Amino acid sequence: MQVTFAFYCVIAYLLVITVVGIYYGKKVKTQEDYSVAGRSLPTPILIGTLMATWMGAGTVLGGPAASGYQYGLMAAIAFSMGSPVGQFVLSFVAKKIRRMNAQTVPEVIEKVYGSLARVLATVIIMLAYIGIVAYQYKGVGLILNSILGVPENIGTLIAFGVIVVTALFGGLYSVAYTDFLSCCMMMAGLFIGVPMAISMAGGWSWVAANIPPGHLGFGSISFPQLLGFFFPVFFYVMGDQNMYQRFFAAKDEKTAMQSGIGWMLGCTATYFFVAAAAIAARALYPNINAAQSFVHLATHGMPTIIGGICVAAITAFIVTTANSFLLSVGVNMSWDVYARFVNPEAPTEKKLFVSRASVLGLGILAYVVIQYYPELLILQQYTYTMYGAAITPALLAAVMFPERITPLGGVVSIFTGGAVTIAWETAKTAGWAVAKTYPPVLIAAPLAILALIIFRKNGKK
């Protein structure tokens, strides 16, 4: 094990966000403070927390980084563009989202589809979010392996401890403001570090001349695979509970819409730099693990100081996402299960205790999950599809067209999206050729939408 400048940067980052998190955690007085920051977040903080939460291990270790290194530039673009396209759509319904004054996605769903739909949505969200938190653990483990030589399983265990403990400080107040700091670090590390790495390698022309033929195009990836990269992210981002909770937390409707647009623009720029970094890493280091391409470039292809900052920024991507997802699912357990069905009259202190206990329990479960899903890219696609197909169609319909849909349509849509995703993944594991060729989102999402149309009000088709 060797202690490098990057190591000190990562440790300093973790210490700073912990201190800031504790400071802002003191602002939490009520359940609404804990889950939606008292509905007080201004535009800059909201943009920062949207970006930091959305871009985690799936961005710097899976998504555009791994797909760009392994398949080529078009694969990275396909994986990345599902996000800003979905964000663009979501930005224009952000005002309606803020107007609902809810705390969670299942709460919104119950308002239109009833309590059964709320239960189904809560179960689906928990299944998806546990998987997402799991690959954040793995992401930090990969970083510790790259910069310190710590075995990945030990690094994953360390990540579990750090992420769960920092999440327990609780509240969107602390998460949002530490996310903003992390976002600033991300942007600085990427926008300075990646161009410097490419320049030090010999410029973009040298990079283009030293990657596999066709790697600046579609490379070896097929059209169904491209769709499989694009659509899971596209559907998922438009229904992600973390994003809705941040829109709920905006100080007003105008702030919610402006932040949505800023989020989209910031993510688009970030994806461009991550994809460029992956292509540069392929030219410089053609035989490394695709998931470690961005980290390897930061630690070996950049000046020491810039590389250290960039590694800390990569860690920021992952830790802030994991904290947010654990907080979100903890609120689900407290608000959508405990306070809704078990003890509706529970005082705030009891709800906060249940939220924190849920964070700990689900954090442990996520650690168990990652032991069985070591491939980040596959796990990411699965969880995006599960959530995007089961939750997003029903949720968007509830926000945009509540007067035209029915409780039966919502329940059938949610169940169909989840069940078809599980069935398709099972068929793929069993070796079915059609399931291996076409991603589950192309089947599950249209069927979930069809259920809403079939069971719409007045029997209209």
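Q: Helices here are DSSP runs of H or I with at least four residues, strands are runs of E with at least two, and both are numbered from the N terminus. With that settled, how many residues does helix 17 have?

A: Helix 17 covers residues 304-342 and has 39 residues. First, the ground rules. This is a predicted model, in which local features need pLDDT of at least 70, side-chain atom pairs count only at pLDDT 80 or more, and totals for chains, interfaces and linings use all residues. Residues are numbered from 1 along each chain as its sequence is written, and side-chain values use heavy atoms, with hydrogens and water left out.

Q: What span does helix 17 reach?

A: From first C-alpha to last, helix 17 reaches 54 Å, close to the 57 Å expected at 1.5 Å a residue. The expected span is 1.5 Å times one less than the number of residues.

Q: Why call helix 17 largely enclosed?

A: Because 31 of its 39 residues are buried, helix 17 is largely enclosed by the rest of the structure. Buried means under 20% relative accessible area, exposed means over 50%, and partly exposed is in between (1.4 Å probe, protein chains only).

Q: And helix 11, what does its span come to?

A: Helix 11 runs over residues 172-201. Its 30 residues reach 41 Å, close to the expected 44 Å.

Q: Where is P195, and is it buried or partly exposed?

A: P195 sits in helix 11. It counts as partly exposed because its relative accessibility is 35%. Its C-alpha is 9.9 Å from that of A280, which is 85 residues away along the chain.

Q: Which residues other than glycine have a positive phi?

A: A37 is one of them, with phi near 50°. R39 is another, also near 50°. For context, most residues other than glycine have a negative phi.

Q: Where do A37 and R39 sit?

A: A37 is in the loop between helix 2 (31-36) and helix 3 (43-54). R39 is in the loop between helix 2 and helix 3 as well.

Q: Buried or exposed?

A: A37 counts as buried, because its relative accessibility is 0%. R39 counts as buried too, at 12%.

Q: Are C184 and C267 buried or partly exposed?

A: C184 is partly exposed, with a relative accessible area of 41%. C267 is buried, at 0%.

Q: Aromatics next. How many pairs?

A: The count is 15 aromatic pairs. Rings of Phe, Tyr and Trp (its six-membered ring) pair if their centres lie within 6.5 Å; planes under 30 degrees apart are stacked, over 60 edge-to-face, and the rest tilted.

Q: Why are W54 and Y236 called stacked?

A: Their ring centres are 5.5 Å apart and their planes are at 25°, so the pair is stacked. The pair links distant parts of the chain: W54 is in helix 3, Y236 is in helix 13 (residues 223-237), and they are 182 residues apart. Both W54 and Y236 are buried.

Q: What about F230 and F231?

A: F230 and F231 are an edge-to-face pair, 5.1 Å centre to centre with 85° between the planes. F231 is partly exposed, at 24% relative accessibility.

Q: Which residues form a cluster through ring pairs?

A: W54, Y129, Y236, F325 and Y387.

Q: Last topic: what is the volume of the second largest pocket?

A: About 350 Å³.

Q: What lines it?

A: The second largest pocket has 14 lining residues, with P393, A397, F401, I449 and L452 nearest its centre. Helix 20 (392-400) and helix 23 (441-454) each supply at least two residues of this lining. Helix 20 gives the most, with five.

Q: And F401, where is that?

A: F401 is in the loop between helix 20 and helix 21 (407-429). F401 is partly exposed, with a relative accessible area of 37%.

Definitions and conventions:
1 Å grid on protein atoms, 1.4 Å probe; cavity = no way out; pocket = protein on both sides within 12 Å on 5 of 7 lines; lining within 4 Å. Points joined across faces, edges and corners; volume = space filled by probe spheres on them.
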